[in-house]
Amino acid sequence: MSEPKVSVIVPVYNCEKYIERCMDSLINQTLADIEIIVIDDESKDTTFEILKEYEKKDKRIKLMTKKNSGISSSRNKGMEIATGKYIAFIDGDDWIDLDCLEKMYEVAEKNQTDIVICSYVREFKDHAKPKDIKLDENKIYQGEDLAVLHRRILGPIKEEFRNPESLDSIGSACGKLYKREIILKSGYRFIDLKEIGTAEDTLFNFMLFNEVTKISFIDKCFYHYWKENENSITTKYNPNLFNQWKNLFKYMEEFIKKNDLDNSFYESLGNRICVGVLGLGLNECKEDNNVSWRVKTKHLKTILNDKQIRDAYSKLELKYFPIHWKIFYCFNKYRISFLSYMMLNTISILRKKI
């Protein structure tokens with residue numbers, strides 16, 4: 001039996017409200033020659049029972065369950081099982097357009113690229129927001145262009161700060177088609193979120209992009225990223241996030257050193273650390289963080305006084321930011337924690353409405 005063209009890896013956990021939407025988008029793909037590897041992370045709801053019904057109806061589905069250990073181990077297990085020429089990752093609460101895999105596969109084969117990237121849409125209950133990735137559909141990224149793309153995964157520099165909305169737009173594992181051979185040869189895997197908090201896919205891509213030679217981009221929003229999942233790890237307050245992100249930054253810095261990457265990568269990492277204060281601050285503002293605003297401000301002050309963060313902010317150039325972001329990062333740079341918290345609280349409220 002010949003290898004399928006694409007292996008789709010779907011990590012799931014307590015997705016009973018969304019899994020049918022996801023699976024329907026996969027079993028009805030216009031590219032039929034695929035395998036669908038679903039890794040259930042010991043769901044407590046009816047997710048696994050729903051998936052067993054899909055498995056009965058479609059022989060392309062490979063369903064397995066494992067001891068609960070998070071999304072990174074689920075993706076890693078899926079990569080061990082995959083037999084396709086290419087690999088795509090789709091989260092169980094998301095979905096893709098029906099021609100997504102066919103179009104991405106065609107571009108990968110035509111251009112002989114190691115990775116194909118597409119745009120995506122952030123889906124909310126009552127509206128949708130396309131993500132502007134700001135790549136060139138008519139360019140094959142290789143050589144110096146690929147080096148810049150690789151560095152951009154880590155963080156922005158200079159004029160890239162002018163559009164903060166697109167700063168972390170290419171780090172996701174979703175919305176990409178990977179040549180499986182590249183992943184196997186690299187030996188890279190997703191790091192456990194218990195160790196690094198979030199951004200396991202950004203770290204994975206940062207390492208993997210160092211091994212690829214050609215990347216293509218399709219300026220179509222094939223991937224739909226659901227933002228209203230109350231079970232998502234990103235919706236809950238994480239009291240360990242600051243220390244976990246320090247581990248994440250350590251992984252990134254050690255990779256730069258080990259692979260002798262140029263100084264622009266160190267600059268990007270420093271800027272990522274600065275921009276990361278936004279995520280750390282929004283984590284403090286989560287509704288389930290049941291402490292007073294004074295305590296939240298105190299936590300933010302501790303973050304801003306951390307030596308690694310102070311050192312990063314000492315090199316941050318504010319002149320490239322739009323005015324509202326310039327004000328926010330100025331508060332952080334000079335460690336005015338109360339005003340920084342007030343802006344974070346406002347941002348947290350607006351994010352739920354816009």
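Relative accessible area sorts residues into buried (under 20%), exposed (over 50%) and partly exposed (in between), with a 1.4 Å probe and protein chains only. The structure shown is a predicted model, in which local features need pLDDT of at least 70 and side-chain atom pairs count only at pLDDT 80 or more, while totals for chains, interfaces and linings use all residues. Residues are numbered from 1 along each chain as its sequence is written, and side-chain values use heavy atoms, with hydrogens and water left out.

**View 1**
At 33% relative accessibility, Glu42 counts as partly exposed. Glu42 is found in the loop between β2 and α2 (47-57); helices (H or I, at least four residues) and strands (E, at least two) are DSSP runs, numbered from the N terminus. The phi angle of Glu42 is near 60°, a positive value in a residue other than glycine. Gln112 is located in the loop between α4 (100-111) and β6, and its phi is near 50°, again a positive value in a residue other than glycine. With 42% relative accessibility, Gln112 counts as partly exposed.

**View 1. Packing of helix α3 with helix α8.**
Two packed helices are described by the angle between their axes and the distance between the axes. The axes of α3 (residues 71-81) and α8 (residues 200-208) come within 10 Å and cross at roughly 45°. Axes are lines fitted to C-alpha atoms, for helices over the stretch in contact, and angles run from 0 to 180 degrees between N-to-C directions. On the α3 side, Ile71, Ser72, Arg75 and Met79 meet Glu200, Asp201 and Phe204 of α8, where contact means heavy atoms within 4.5 Å. The residues of this contact divide into 3 nonpolar, 1 polar and 3 charged. For this division, Ala, Val, Leu, Ile, Met, Phe, Trp, Tyr, Cys and Pro count as nonpolar, Asp, Glu, Lys and Arg as charged, and the others, Gly among them, as polar.

**View 2. Buried residues of α3 and their surroundings.**
Ser72, Ser74, Arg75, Asn76, Gly78 and Met79 are buried in α3. The buried residues of this helix pack against the strands β1 (6-12), β2 (34-40) and β4 (86-89), and against α6 (180-186), α7 (193-196) and α8. Arg75 also lies over the face of Phe89, at 5.9 Å from the ring centre; a charge sits over a ring if NZ of Lys or CZ of Arg is within 6 Å of the ring centre and within 35 degrees of the ring normal.

**View 3. The pair of Trp95 and Trp226.**
The structure holds 17 aromatic pairs. Trp95 and Trp226 form a tilted one, with 6.5 Å centre to centre and 50° between the planes. Rings of Phe, Tyr and Trp (its six-membered ring) pair if their centres lie within 6.5 Å; planes under 30 degrees apart count as stacked, over 60 as edge-to-face and the rest as tilted. Because Trp95 lies in strand β5 (residues 95-96) and Trp226 in strand β9 (residues 215-226), the pair ties together parts that are 131 residues apart in sequence. Trp95 counts as buried at 17% relative accessibility, and Trp226 counts as buried at 13%. Arg21 lies over the face of Trp226, at 4.6 Å from the ring centre.

Helix α10 (residues 263-284) packs on helix α13 (residues 323-333) at an angle of about 95°, with the axes 11 Å apart. The two helices are therefore roughly perpendicular to each other. Cys274, Val275, Val277 and Leu278 of α10 make the contact with Trp325, Phe328, Tyr329 and Asn332 of α13. These contact residues divide into 7 nonpolar, 1 polar and no charged. Ring pairs link Phe161, Phe321, Trp325, Phe328 and Tyr329 into a cluster.

Leu269 is placed in helix α10 and, at 4% relative accessibility, counts as buried. Not counting residues up to four places away in sequence, Leu269 touches Leu154, Phe249, Met252, Glu253 and Ile256. Leu269 and Gly155 are 114 residues apart in sequence and 5.9 Å apart in space, C-alpha to C-alpha.

Key
Angles under 35 degrees count as roughly parallel, over 145 as roughly antiparallel, 65 to 115 as roughly perpendicular and the rest as oblique.
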